[in-house]
Amino acid sequence: MNWSVSKGLFKSTLHGTTPAMGLSIYHKGRSYFIVDDSRKTVFTVTAQSDYQYIIEGDGGKSGKAELLLAGKAPVFLPPRAAWFNVELGNSRYKLKQCENRDFIVCSEDEEIGLLTNMLQIKPRFSLPDNVGAVLAALLYTLALIMLHEDDAEVL
């Protein structure tokens, strides 16, 4: 299924090719919240440490994600986030950030999707039809975390 995301100032909204439950992604402090149309939080992604994240979901679904950095970086920039290893229940996913800031989604070491245009106003991605809107929103949220991991802070 093909997805797009509308980015706003304080939230991002997930859109599918067919009418689906509306999901929004909010960021506050060290946490990201995936919220449905009824304003119920379906997933929370919280930074436990610099590169470890806890995923807590509605209905007892939970997991963790570990961010892995690329090798060396330019002198005044932090290293780029290269991989996110995600464990969600019995499922394992990997997100790989490419040099051009596109993301490859893998399940059990098999490529299943692609996120593109992450630096644009309307990022797009494709995932298999059996991946629901909630998991798609979670994978987008993790890609967003990776995208901004190497932002240089200006003081």
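Trainee: Which residues do ring pairs link into a cluster?
Mentor: Before we start, note that this is a predicted model, in which local features need pLDDT of at least 70 and side-chain atom pairs count only at pLDDT 80 or more, while totals for chains, interfaces and linings use all residues. Residues are numbered from 1 along each chain as its sequence is written, and side-chain values use heavy atoms, with hydrogens and water left out. Rings of Phe, Tyr and Trp (its six-membered ring) pair if their centres lie within 6.5 Å; planes under 30 degrees apart count as stacked, over 60 as edge-to-face and the rest as tilted. By ring pairs, the cluster holds Trp 3, Phe 125 and Tyr 140.

Trainee: How many residues apart in the chain are Trp 3 and Phe 125?
Mentor: The structure has 3 aromatic pairs. In one of them, Trp 3 and Phe 125 are stacked, at 6.5 Å centre to centre with 20° between the planes. Helices (H or I, at least four residues) and strands (E, at least two) are DSSP runs, numbered from the N terminus. Trp 3 is in strand β1 (residues 2–7) and Phe 125 in strand β12 (residues 124–126), so this pair links parts of the chain whose separation is 122 residues.

Trainee: Why is the pair of Phe 125 and Tyr 140 stacked?
Mentor: Phe 125 lies in strand β12 and Tyr 140 in helix α1 (residues 133–149). Their ring centres are 6.2 Å apart. The pair counts as stacked because the angle between the planes is 10°.

Trainee: Is Tyr 140 buried or exposed?
Mentor: Buried means under 20% relative accessible area, exposed over 50%, and partly exposed in between (1.4 Å probe, protein chains only). Tyr 140 has 0% relative accessibility, so the word for Tyr 140 is buried.

Trainee: How many disulfides does the structure hold?
Mentor: A disulfide is a pair of cysteine sulfur atoms within 2.5 Å. The sulfur of Cys 98 has its closest cysteine sulfur in Cys 106, 9.5 Å away, which is too far for a bond. Cys 98 is buried at 19%, and Cys 106 is buried at 11%. The number of disulfides is 0.

Trainee: Which residue forms a salt bridge with Lys 40?
Mentor: A salt bridge is a side-chain nitrogen of Lys or Arg within 4 Å of a carboxyl oxygen of Asp or Glu, and the structure holds 2 of them. The partner of Lys 40 sits in the loop between β6 (52–57) and β7 (62–69), whereas Lys 40 is in the loop between β4 (31–35) and β5, so the bridge ties together parts 18 residues apart in sequence. At 2.8 Å from N to O, the residue that meets Lys 40 is Asp 58.

Trainee: Over the ring of which residue does the charged end of Lys 94 sit?
Mentor: Lys 94 also forms a salt bridge with Asp 109, with the closest N and O atoms 3.3 Å apart. Lys 94 is partly exposed at 30%, whereas Asp 109 is exposed at 65%. A charge sits over a ring if NZ of Lys or CZ of Arg is within 6 Å of the ring centre and within 35 degrees of the ring normal. At 5.7 Å from the ring centre, the charged end of Lys 94 sits over Trp 83.
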